[in-house]
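Hi there,

Here is the structure I promised to pass on.

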Amino acid sequence: MAGALLRVICPTENASFSAPTLFSLVPKNGSQVRGYSTVCSRLKFSTGVFAAASLSSVVANPPGSSEKKVYEVVLKQAALVKEQKKEKILDVITGNDQAESMTRGDLLNGAYNRCGEVCAEYAKTFYLGTLLMTPERRRAVWAIYVWCRRTDELVDGPNASHITPKALDRWEQKLNDLFEGRPYDMYDAALSDTVSKYPVDIQPFKDMIKGMRMDLKKSRYKNFDELYLYCYYVAGTVGLMSVPVMGIAPESKASTESVYNAALALGIANQLTNILRDVGEDARRGRIYLPQDELAQAGLSDEDIFKGKVTDKWRSFMKGQIKRARMFFDEAEKGVAELSAASRWPVWASLLLYKQILDSIEVNDYDNFTKRAYVGKAKKFASLPIAYGRALMHGSSKLAEPSRS
């Protein structure tokens, strides 16, 4: 899989799901909380999430079956935000076995802090941006971030060869449990608390797991309609999870649906960028995340991908793929300003930095077989003040939809 997020748990946890329950993490004799300090050393951050804009031509008026299916999820999440979910009680510790020296609040603080530590260590730029958010929002974003990487690790980590559909079924059951206030471990506890406070729907989380299932059995995509659905599952979902936490600016006149469409647009753009960056790496694993019909139209085949030679046909094909990815970035850019002021900087930073990966592919003469496109530290640092400057501006909405009700 062309990974879209950041790795958070060790593969042994993924395979057996034998991590201690949340209850077992509570010290019995006043000792420190244990059992949750081990995190894989190979974690990495490879995508930004969250945005707010309209996909009027791509999503709002969906021409394809996959886009229509995804838009139905968008509408459901938008409706949930309008209604505002009733506050749920998070039942983390119950019964007579509650630890005397650690309250429920202490345990949750520890869970959130660990999520923040992971984000700080492996997603430094994004983490810095989250510090501008309110404490509650930043903690919630960290919790979502961690869950997504734990999920991705199931099929994209070192132990991926041992993951079965049944393992994903167990992971989904744990998801159902945490949404019902029954977290399994400390990371689940942080997310369970988050979804009890914000109008976050479970469907995008379930859809991400669907994306993991696709990776277990699918290594080719007939057309962009199929690829679009995959990109939604593994990356677009993250935006839908996060907008309720990031918040919409009070002065925004954009519709709630358009805000979620934008979150979707940026997720799709990021995943398409991942795919174009990782063509060679994926090919060495026997995977091709490129539309088969478009490859054929360009006079290319799977064999050409596996040979890894940059030809004029390949350059022409890549130009079209990059153009599509940039279209999604452009749609997302239109509405970043619709987010709450404190949430804009990490969005702008991730968007600007990730968009530059496409520039790097071009600089490498479209050789994404043997060269990995990346953004150097100098360019990253240069992008931060630009992102901050844009985050300070709201301006008039560029979205044409009616005002939110």
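One term before the findings: a crossing is called left-handed if the near helix is turned anticlockwise from the far one by less than a right angle, and right-handed if clockwise. Helices (H or I, at least four residues) and strands (E, at least two) are DSSP runs, numbered from the N terminus. By that convention, helix 16 passes helix 17 in a right-handed crossing.

A word on the source: this is a predicted model, where local features need pLDDT of at least 70 and side-chain atom pairs count only at pLDDT 80 or more, while totals for chains, interfaces and linings use all residues. Residues are numbered from 1 along each chain as its sequence is written, and side-chain values use heavy atoms, with hydrogens and water left out.

**Overall make-up**

The chain has 17 helices and zero strands.

**Two helix pairs**

Back to helix 16 (residues 344-363) and helix 17 (residues 377-391): their axes come within 8 Å and cross at roughly 140 degrees. Axes here are lines fitted to C-alpha atoms, for helices over the stretch in contact, with angles from 0 to 180 degrees between N-to-C directions. Angles under 35 degrees count as roughly parallel, over 145 as roughly antiparallel, 65 to 115 as roughly perpendicular and the rest as oblique, so helix 16 and helix 17 are oblique to each other.

For helix 6 (residues 135-156) and helix 7 (residues 165-179), the axes come within 11 Å at roughly 165 degrees, and the pair is therefore roughly antiparallel. Their contact (heavy atoms within 4.5 Å) is made by Trp 147, Arg 150, Thr 151 and Leu 154 of helix 6 with Leu 168, Trp 171, Leu 175 and Leu 178 of helix 7.

**The core**

A nonpolar core is a set of buried Ala, Val, Leu, Ile, Met, Phe, Trp, Tyr and Cys residues joined through side-chain atoms within 4.5 Å. The largest one has 111 residues, and Trp 147 and Trp 314 are among those with the most contacts inside it. Helix 10 (residues 224-246) supplies the largest share, 16 residues.

**Cysteines**

How many disulfides are there? Counting pairs of cysteine sulfur atoms within 2.5 Å, the total is zero. The sulfur of Cys 115 lies 9.2 Å from the closest cysteine sulfur, in Cys 119, which is too far for a bond.

Best wishes

How values were computed. Buried < 20%, exposed > 50% of the residue type's maximum accessible area, 1.4 Å probe, protein only.
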